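Me: I would like to go through the charged side chains in this structure. Could you help me work through them?
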Amino acid sequence: MKQTTINWRVYKMIQDAVIVRTSRGHFRIGNKKSFTPVLDKNLSTVAKQIRKQFPFVSFSVWDSAVLNSLAQHLSNKCFYIIEAEKDAVETVFHFLQEKKKVVYLNPTENIVENYVHSEIAKPFIVKNLISEAPTVPVNNIVTSSIEKILVDVYCDTNIFQAYQGNELHLIYTNAFSQYSINQGKLLRYASRRGKKEEIQNMILQINGNIY
């Protein structure tokens, strides 16, 4: 069989969810669904406003409410996350302020605990977008992949303080149980954030596989 034929059949089986890619050159039988981030109307509108105002700025958006589907305890203290490239993050922050949004720039743990979680309106957190972060497009809006979300929750303890400890372990367990996750992509991003070994060890504890 020609290599091109093999490549095409593998591609077709991935598209048909017969198999799923777990890392480069590694696959397994597909029995889990793909993760599709949900962007509500408010976040979608703000994302479009940012793109219109700053058409050459790389940015990504997501909603922390997505963690409620993975965590044990549902949180009513959710927030929107806007990540922009380093040189533009303050500009995006001030733009949202001008739009009368409740917005915080790279907040500390103390700010999140005492102010972000106390807001009546759902606040926005603006932070730096890590280069080569694994994002996905949803309705022409760039948002976080499940791999990126898992790593960010682990690394950004100041923002996601409510999802640490046993809750974090449960989030990972549920994510790997419910969704197809590209472990190679996840670990590459974790490496960029300096947490590859720690996250890899947690994944090993969860499912006992060797990556």
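Me: What kind of link do the side chains of lysine 127 and aspartate 156 form?
Reply: In this predicted model, the side chains of lysine 127 and aspartate 156 form a salt bridge, with N and O 3.2 Å apart.

Me: Where in the chain do these two residues sit?
Reply: Lysine 127 belongs to strand E6, which covers residues 124-128. Aspartate 156 lies in the loop between helix H5 (146-155) and helix H6 (166-178). The two residues are 29 residues apart, and the pair links distant parts of the chain.

Me: Are lysine 127 and aspartate 156 buried or exposed?
Reply: Both lysine 127 and aspartate 156 are buried.

Me: How many salt bridges does the structure hold?
Reply: The structure holds 9 salt bridges. One of them joins lysine 148 to aspartate 152, and the closest N and O atoms of that pair are 2.6 Å apart.

Me: Where do lysine 148 and aspartate 152 lie?
Reply: Both residues lie in helix H5. They are 4 residues apart, which is about one turn of the helix.

Me: Why does lysine 148 count as buried?
Reply: Lysine 148 counts as buried because its relative accessibility is 0%, and the cut-off for buried is under 20%. Aspartate 152 also counts as buried, because its relative accessibility is 1%.

Me: Which residues does lysine 148 touch, leaving out those up to four places away in sequence?
Reply: Lysine 148 touches Trp62, Glu83, Leu129, Ala133, Pro134, Thr135 and Tyr189. With glutamate 83, the side chain of lysine 148 makes a polar contact of 2.4 Å.

Me: Which residues are linked with Lys148 in a network of salt bridges?
Reply: The network links Lys148 with Glu83, Lys127, Asp152, Asp156 and Arg193.

Me: Changing topic: what do the side chains of lysine 195 and glutamate 198 form?
Reply: Lysine 195 and glutamate 198 meet through their side chains in a salt bridge, at 3.7 Å from N to O.

Me: Why does lysine 195 count as partly exposed?
Reply: Lysine 195 counts as partly exposed because its relative accessibility is 28%, and that class runs between the 20% and 50% cut-offs.

Me: And what is the relative accessible area of glutamate 198?
Reply: Glutamate 198 has a relative accessible area of 37%, so this residue is partly exposed.

Definitions and conventions. Residues are numbered from 1 along each chain as its sequence is written. This is a predicted model: local features need pLDDT of at least 70, side-chain atom pairs count only at pLDDT 80 or more; totals for chains, interfaces and linings use all residues. Side-chain values use heavy atoms; hydrogens and water are left out. A salt bridge is a side-chain nitrogen of Lys or Arg within 4 Å of a carboxyl oxygen of Asp or Glu. Buried means under 20% relative accessible area, exposed over 50%, partly exposed in between (1.4 Å probe, protein chains only). A polar contact is a pair of N or O atoms within 3.5 Å; within protein, one must be able to donate a hydrogen and the other to accept it, and residues adjacent in sequence count only if both atoms are side-chain atoms. Contact means heavy atoms within 4.5 Å.
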